[in-house]
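Morning, everyone, and thanks for coming. Let me put the model up, and we can walk through it together.

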Amino acid sequence: MIRRPFLALTLLPLFSPLAGIAGVFTSNPITGDADSGITAGTAYTLAVDIFDGPNRRINDAVFTGSGGGGNPATNNYTTGGLNNGFTGNVPPISGNVGGLTQNFLYNGNPATYTLNNLRVGETYTTTFFNGAFGGAGGRVHNITASDGGVLNGFDQNASPGSVLKYTFTAAANSLTFAMTPLVPADTWHHYAFSNQIVNQRALLTDNFHAPLNPNTNDLNFNLAARQGGLLTTGGATIPWVAVGNTQVGNATGSIDGGNYLLNAFGTGRAALDSNFNGSSSAGGLAVSFDLAPNSVANGDATLWEGINIGQSSANQSDAINGAHSHFGVLFRGNGLLQAFDGSTTLTPVEPIWSDTAQTNGLTRIELIAKDPTDGNPFDGVGQTDISVYAGGILRYSFSKTGGGYADNYLNFSAANIGGVDNLMIAQLVPEPTSLGLLALTGGLLARRRRPAAR
């Protein structure tokens with residue numbers, strides 16, 4: 001069998017048969033943190049270190065350990081065929097990124113990965129991190145994506161370390177990859193993977209990883225290890241301000257082993273002590289998180305978890321329907337949504353945010369704020385347009401005119417016991433022109449040649 005040589009050029013299009021519909025595969029070798037492509041500002045919808053437990057911080061971005069079990073999954077992704085584990089691989093990759101390739105899962109024929117909660121029309125890049133294993137010999141796979149993307153003959157062993165990327169515009173709320181080995185015994189090794197929103201820049205992330213917190217009322221336990229993003233470079237952190245019963249590290253509700261933000265009994269509120277306005281919100285802002293409205297399955301299906309944005313510093317811990325200027329939105333366990341502008345109810349008839357009732361299961365929520373007037377939704381000029389997505393589906397929109405909101409402190413609260421996980425606050429950025437050129441190049445390549453027969 002003749003093996004295809006490894007394509008070492010960064011962002012070189014490999015093959016995409018349906019330009020404009022399918023995404024584009026690219027690949028390049030990596031040697032350590034500096035050329036890994038991981039950055040603090042990369043807006044990851046997920047960043048997962050497979051078959052590892054704790055967080056791994058790389059270039060001020062945080063990868064979450066999937067734990068020790070096979071076929072890891074959350075509400076944001078699922079895997080299949082990855083039921084065997086291996087520890088102690090030592091490919092010559094330096095820095096913290098080398099730790100991503102020490103442990104892995106394998107045995108899938110094919111191995112599958114499904115991304116969930118995608119927003120149709122949004123552009124993403126999924127990245128698989130690879131390390132060579134087993135000395136000489138290839139680990140060659142044909143890879144397909146459910147939107148039509150195909151890559152034949154990718155060799156995980158062609159370089160000591162590499163990344164395989166797939167950039168696509170979502171045509172559905174989910175996307176599945178399948179990795180099929182050419183030699184059945186040489187199955188795919190899953191070390192780590194991530195999914196990035198291309199047109200966002202991460203300001204702050206927090207996955208609330210707080211194992212063995214000696215005081216679960218301390219919201220800032222392990223803060224330096226669990227927060228990432230541009231605002232955490234140089235060792236900086238953004239503290240939480242707690243009011244009432246709000247905790248991290250409490251396993252009540254069986255959410256993520258207790259590694260989530262718990263808010264309780266109406267008065268429990270957690271506010272980030274930072275104003276995400278001005279230069280942070282220029283161009284627009286996205287606030288995304290996983291939410292459980294009723295994490296203990298209380299019999300009252302109207303119980304909720306909610307978020308306030310657009311608050312001033314003095315009122316950063318206001319109630320969901322507090323009188324001061326802000327936008328508040330709560331998500332009930334019965335699948336209905338209620339929104340507020342200050343204390344004014346915006347939804348006398350509550351719209352649906354979930355087609356099924358929700359208890360302790362997490363759902364991805366995204367609030368996208370824009371201003372068509374001057375581009376900044378939190379500067380008190382023009383207006384603040386807010387779109388509320390749940391599971392990648394637009395569920396509610398609101399426009400605050402007359403200048404919109406000037407400040408942007410935010411907080412979380414719940415009626416009974418609710419939960420929040422995997423928070424990201426990101427600035428919207430224009431789509432890079434290079435992405436359009438990349439898709440065009442991939443389309444030309446697809447029309448000019450077919451994959452070599454094997």
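The second largest cavity in this predicted model holds about 100 Å³ of space. By cavity I mean a set of points, on a 1 Å grid over the protein atoms alone, where a 1.4 Å probe fits but cannot get out; the points are joined across faces, edges and corners, and the volume is the space filled by probe spheres set on them. The whole structure has 4 cavities of 30 Å³ or more.

A quick word on bookkeeping: residues are numbered from 1 along each chain as its sequence is written, and side-chain values use heavy atoms, with hydrogens and water left out. As this is a predicted model, local features need pLDDT of at least 70 and side-chain atom pairs count only at pLDDT 80 or more, while totals for chains, interfaces and linings use all residues.

Now to the rings. There are 23 aromatic pairs, meaning rings of Phe, Tyr and Trp (its six-membered ring) with centres within 6.5 Å; planes under 30 degrees apart are stacked, over 60 edge-to-face and the rest tilted. One of them, Phe128 with Phe177, is edge-to-face, at 5.3 Å centre to centre and 85° between the planes. Phe128 sits in strand β10 (residues 123-131) and Phe177 in strand β14 (residues 175-181), so this pair ties together parts that are 49 residues apart in sequence. Phe128 is buried, at 1% relative accessible area, and Phe177 is buried at 0%; buried is under 20%, exposed over 50%, partly exposed in between (1.4 Å probe, protein chains only). Both belong to a cluster linked by ring pairs, whose members include Tyr124, Phe168 and Trp188.

Finally, confidence: pLDDT, the predictor's confidence in each residue from 0 to 100, averages 91, and 90% of the residues score at least 70. Over residues 1-19 the pLDDT is below 50, and over residues 433-454 it is below 50 too. Where pLDDT is low, the predicted coordinates should not be read in detail.

Technical notes
Helices (H or I, at least four residues) and strands (E, at least two) are DSSP runs, numbered from the N terminus. Contact means heavy atoms within 4.5 Å. On a 1 Å grid over the protein atoms alone, a cavity is a set of points where a 1.4 Å probe fits but cannot get out, and a pocket is an open set with protein on both sides within 12 Å along at least five of seven lines; lining residues have an atom within 4 Å of a point.
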